[in-house]
Amino acid sequence: MGLFNNKKSNELPSVLPEHIAIIMDGNGRWAKKRGLPRTAGHKRGANNFRTIANYLNEIGVKYMTFYAFSTENWKRSKDEVDTIMELFKDYLNEALDRLNETNMRMIFIGDKSVLTDELQALMERIETESAKNDGTVVNMAINYGGRQELTFACKEIAQRVKNGELNPEDITEDTISANIFTKDQPDPDLIIRPSGEYRLSNFLIWQSAYSEFWFDNVLWPDFTIKDLNRALNDYANRQRRFGGVK
Ligand code: IPE
Ligand code: IPE
Ligand code: MG
């Protein structure tokens, strides 16, 4: 695919994160700055998601997680929420058509049960049909919250204890990791948040214990491959110690 003739790729370091997670924030401000409705920002944001996800796939990042809609985002106007769900549906239809082409495996993390039947059916088809793909794993966080995820895990584990399948003394950190949405996946090495906010906003709170962070003032619809490469270069020069000594 001409990866190494590609000018963008020339800027890439040799060490890449295995798992990159991105909080796609700043769509509303992007629109406001231009005198447009917030929904216009979500449209641009959704397109940028396509660009960045394709690029990460192209350069060989094995796992990526995108925060698209949080458990708290229901507080927004109906019009805004409806638009986000419409954009999500458009993407799902497109992804379904292209699953074999991209070899990506798609997983939807969060509580799907309150989304429309149409969305749930699409997500289920994509998850099932892409399960055989052995390319990049893409986690889409929709109606996702880190606390929600841990609450689900607690219920799951409590049920196993109740059924007599598990002793409370045998619960370990691995038990928790095995009961969250991203089970069987490595924790994110790098979490990127554009838009100038310096917080996690309930994203991957268990998985981020030793993640590296990259905050950028650029708003998500303006966040380019060049901005991403800056994050990747910075990450490559970090020393991760995980509590030890190096
Ligand atoms: C991120 O952009 C998209 C969602 C949270 C759904 P925002 O809509 O939060 O944009 P800002 O932060 O208001 O600019
Ligand atoms: C986080 O952004 C959620 C997503 C990007 C999907 P928010 O815009 O909802 O976060 P806060 O409200 O600024 O913390
Ligand atoms: Mg925001």
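**Helix packing, term by term**

Mentor: In α4, Met85, Phe88, Lys89, Leu92, Asn93, Ala95, Leu96 and Leu99 meet Glu118, Leu119, Leu122, Met123, Arg125, Ile126, Glu129 and Ser130 of α5, contact meaning heavy atoms within 4.5 Å. By class, that contact has ten nonpolar, two polar and four charged residues. This is a predicted model, where local features need pLDDT of at least 70, side-chain atom pairs count only at pLDDT 80 or more, and totals for chains, interfaces and linings use all residues. Residues are numbered from 1 along each chain as its sequence is written, chains are lettered from A and ligands numbered from 1 in the order written, and side-chain values use heavy atoms, leaving out hydrogens and water.

Trainee: Why are α4 and α5 called roughly parallel?
Mentor: Helix α4 (residues 78-102) and helix α5 (residues 117-130) pack at about 30°, with axes 10 Å apart. Angles under 35 degrees count as roughly parallel, over 145 as roughly antiparallel, 65 to 115 as roughly perpendicular and the rest as oblique. The pair is therefore roughly parallel.

Trainee: And what makes α3 oblique to α8?
Mentor: The axes of α3 (residues 38-59) and α8 (residues 225-236) come within 11 Å and cross at roughly 50°. That makes α3 oblique to α8.

Technical notes
Axes are lines fitted to C-alpha atoms, for helices over the stretch in contact, and angles run from 0 to 180 degrees between N-to-C directions. Helices (H or I, at least four residues) and strands (E, at least two) are DSSP runs, numbered from the N terminus. Ala, Val, Leu, Ile, Met, Phe, Trp, Tyr, Cys and Pro count as nonpolar, Asp, Glu, Lys and Arg as charged, and the others, Gly among them, as polar.
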